[in-house]
Structures are given as C-alpha cells and as structure tokens.
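Thanks, everyone. I'll take this one element by element, so please keep the structure open as I talk.

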Amino acid sequence: MAHQWRGVIREYFDRLPFNEGDPIITLGEGGTPLILAPALAKLLDVGQVHLKYEGMNPTGSFKDRGMTTAVSKAALHGAKAVIAASTGNTSAAAAAYAVAAGMQSVVLVPAGKISWGKLSQAVAHKAQILQVKGNFDDCLRLARELSQGYPVFLVNSVNPDRLQGQKTAAFEVFDALGYAPDLHAMPLGNAGNISAYHLGYKEEREIGRISQMPKLWGIQAAGAAPFITGSPVLKPETIATAIRIGNPASWDLAQAAKTETDGAFGSVTDKEILWMHRFLSQETGVFVEPSSATGAAGLYKAFLQGTLPKVENIVITVTGHGLKDPDWALKTEAGKKIKPKKVAALATSVAEILGLEKNK
Ligand code: F0G
C-alpha cells in the first residue's frame with residue numbers, strides 16, 4: 001500500500017519538540033512536491049532549478065507547517081482560542097487548524113488588503129474576523145497585546161513553535177534531492193520563513209546530512225522592502241498583499257540567515273513580480289499567488305544584473321497557491337480583463353475560431 005503522509009509532526013517526530021502522548025492537530029500538511037523546472041534553469045542559465053510548491057498544503061500555503069505545531073502546542077496548554085495577525089494565509093491556516101482542534105480563532109487582517117480567496121477560507125472555517133484600520137504591522141502589534149492580556153493564544157511566527165514546524169520544509173528538500181541546493185530563494189515578508197529554513201538547514205548540517213548550507217536569498221516587494229532600505233517602512237505598498245509588511249518581526253533571525261549562509265536580500269517591483277507570476281504559470285505549469293513569484297523574480301533580476309552567483313542547483317520556494325488570489329491571472333500584461341470567447345455548441349464553430357482545418 002502506498003504510504004499515507006501523516007503531517008509534519010508525525011513524519012519528523014524525533015526532530016520536533018513533541019513528546020509521546022502530546023495532542024497532535026494535523027490536516028496532513030507538508031510532503032509537498034519539489035518540481036523540476038527546466039524553463040527556469042534555462043532562464044537563469046544554471047544547471048537545475050526545483051520549485052518547492054507549498055501551495056499544495058491543505059490550506060494552500062506553507063503556513064500549515066507552522067500552524068500544526070503552534071495549534072498542537074496551544075492544545076497542550078489547554079487553549080480555547082487562538083489569535084493571529086495576517087495578510088491572509090496565516091488567517092486561513094489558523095482558522096482551519098483551530099477547527100480541527102475544536103478551538104475558536106480570531107484573526108486580525110488589514111482592512112481591504114487581503115485577497116478574497118484567503119478571506120473566504122477564514123470565513124468558511126468560522127474565524128472571528130476583524131478588519132483593522134491599519135496595515136499588517138498594526139495587526140501584529142494588536143495580536144501580541146491581546147495575547148498578553150487576554151485568554152487567546154498567539155499563533156503568529158513570533159511564536160517559536162511556528163518556526164519549528166516550518167523548518168521541516170528544509171528537511172523535505174534534502175529528503176527529495178539527497179543533497180542541499182547551492183542556493184535557496186523565497187519571498188520575504190515578516191521573515192518567519194527564511195528564519196525557519198535557516199534553522200532547518202542548520203539542523204541538517206548538525207546531524208551531518210549536509211556539509212554546507214545553501215545560500216539563503218530573501219526577496220521583498222520594492223514597496224515593502226525594509227531589509228533593503230535598512231529600516232521599517234511606515235507605509236508598505238505592493239500588489240503582492242501577502243508580503244505587504246513594513247516592520248518584519250523576525251528581523252534579527254533573517255539577518256543571521258543571510259549572513260551565516262553568504263546569502264542575499266533583494267527586491268522586485270510589482271511589474272517584475274507579475275511578469276514572473278505569468279512565466280511560472282505559462283512556462284513551468286506551476287500556478288502561484290503573485291507574492292509567491294517574488295523569489296524567482298528576484299533571482300531573474302539578479303541574473304540580468306550579473307549578480308546571480310554561478311551555482312549548479314537552485315531551489316525556489318513558491319509559498320502559496322494561485323487560487324488564493326486568482327484575479328491576476330485574469331488580466332493581460334497591460335491590465336486588460338481576459339474573457340474567453342463564447343461559441344455555439346458546434347464542432348465546426350469551435351474549429352473555425354481555433355483556425356483548425358479538417359483532417360483530410
Ligand atoms: N508568501 C506568502 C504566500 C505569504 O503569505 C507570506 C506571509 C510570505 C510569503 C512571507 O513569509 O512572512 O515568513 O517572510 N504571509 C503572512 C500571513 C504574513 O499573514 O499570511 P514570511
């Protein structure tokens with residue numbers, strides 16, 4: 001019988017801070033595909049590129065890895081409710097895992113700035129949703145304050161249990177390839193994910209599965225790029241709403257991830273993000289939300305500028321599914337709405353529109 005993936009806590013039990021008998025709240029997260037992308041290897045002129053497709057997680061983003069650990073710990077501590085600030089994906093994951101745990105979830109999102117796909121998930125999983133008149137950074141400040149003064153358990157990535165779960169993505173990369181890539185790129189927002197990969201690869205080195213860590217590259221949206229400007233951005237702006245963050249919580253951890261791996265931070269414009277979003281859909285077959293195209297967009301920009309290191313193997317994490325924020329796929333590059341043609345239900349009519357000639 002084929003092996004049924006059991007979620008990251010059970011799959012990596014001996015590498016996570018859990019004990020026998022602890023509650024495990026899982027929706028089967030992790031075990032996501034690592035997809036060979038020859039079109040990207042060609043574009044970047046490197047040997048191999050793999051995409052770690054985190055959109056294949058149960059709620060459609062990498063957040064599920066950290067939510068299984070955070071909500072399981074919340075259950076261990078007897079929590080009745082969890083709270084999260086979110087640009088959308090964390091709220092979807094928190095809401096779903098809270099349901100699985102029999103808890104209430106409260107999510108704070110920036111008003112009008114989360115995609116409707118993600119909002120629909122939080123609604124579907126009966127989260128108490130509050131749209132805060134402010135940005136993500138305001139939401140996180142509020143969530144922290146509330147968790148300190150009220151009986152709600154914080155499940156943002158400032159909670160170290162989250163990073164424990166998220167580090168398993170690095171383990172999976174090694175499990176799939178049998179080696180560590182030379183360079184691993186990803187979008188960079190609140191900086192939990194790059195910190196988690198750093199932790200994961202460090203542990204792989206400690207147990208001797210790898211000898212050298214991949215260079216970790218974190219790419220931001222140009223309008224929300226505090227790691228590039230060097231200080232918090234007060235009014236972050238980008239169409240990539242998932243990473244519309246001006247004051248990343250895991251600032252020091254992300255700096256360490258970059259420095260200790262000889263990695264880099266980069267930034268890309270919304271136009272560059274959307275170009276890569278389209279390239280991934282049309283040339284690799286992998287549909288992601290715009291923010292998830294940021295890692296690949298940053299590498300391509302570096303390639304064009306001649307600053308991409310000469311390496312053989314690259315992994316790029318694409319963090320969230322395209323169906324999370326599908327509107328962008330339904331626009332042309334010039335921003336015009338795409339509407340498929342209507343046709344009569346006749347083979348000859350369809351063939352005519354397609355310009356097909358009948359077989360001889
Ligand atoms: N990609 C996606 C799709 C995200 O949703 C996020 C963060 C990131 C990348 C950035 O990861 O914050 O660990 O550096 N989303 C959070 C949320 C903030 O609320 O869903 P990070």
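Let's start with a sheet. It is open, has four strands in the order β5-β4-β3-β6, and its pairing is parallel. Two strands pair on one side only: β5, residues 128-132, and β6, residues 153-154. Those are the edges. Keep in mind that this is a predicted model.

Look at β4, residues 104-110. Five bridges join β4 to β5, and the two run parallel.

Next, a pair of helices. Helix α3 covers residues 63-76, and helix α4 covers residues 89-101. Their axes come within 9 Å and cross at roughly 40 degrees. Angles under 35 degrees would count as roughly parallel, and roughly perpendicular begins at 65. So α3 and α4 are oblique to each other. The crossing is right-handed. Who makes the contact? From α3, we have Lys63, Asp64, Met67, Thr68 and Val71. From α4, the residues are Asn89, Thr90, Ala93, Ala94, Tyr97 and Ala101.

Move on to β10, residues 313-318. How many of its six residues are buried? Six of six, so the strand is mostly covered. Asn313, Val315 and Thr317 point one way. Ile314, Ile316 and Val318 point the other way. Both sets are buried.

What does β10 pair with? One partner is β2, residues 48-53, joined by six bridges and running parallel. There, His50 has Val315 as its bridge partner. Strand β7 is also joined to β10, by three bridges, again parallel. In that pairing, Leu183 stands opposite Ile314.

Last stop, helix α13, residues 294-305. Here is a quick check on its length. There are 12 residues, and at 1.5 Å a residue they should span 16 Å. The end C-alpha atoms are 16 Å apart, which agrees.

Which residues of α13 are buried? They are Thr294, Gly295, Ala296, Ala297, Gly298, Leu299, Tyr300 and Ala302. The buried residues pack against several elements, and β10 is one of them. The others are α2 (38-44), β7 (183-187), β8 (215-221), β9 (264-268) and α12 (270-284).

How values were computed
Residues numbered from 1 in each chain as written. Predicted model: local features only at pLDDT ≥ 70, side-chain atom pairs only at ≥ 80, totals over all residues. Heavy atoms only, no water. Pairing = 2+ DSSP bridges. Expected span 1.5 Å × (residues − 1). Buried < 20%, exposed > 50% of the residue type's maximum accessible area, 1.4 Å probe, protein only. Contact = heavy atoms within 4.5 Å. Axes fitted to C-alpha atoms, helices over the stretch in contact; angles between N-to-C directions. Parallel < 35°, antiparallel > 145°, perpendicular 65-115°, else oblique. Left-handed = near helix turned anticlockwise from the far one by under 90°.
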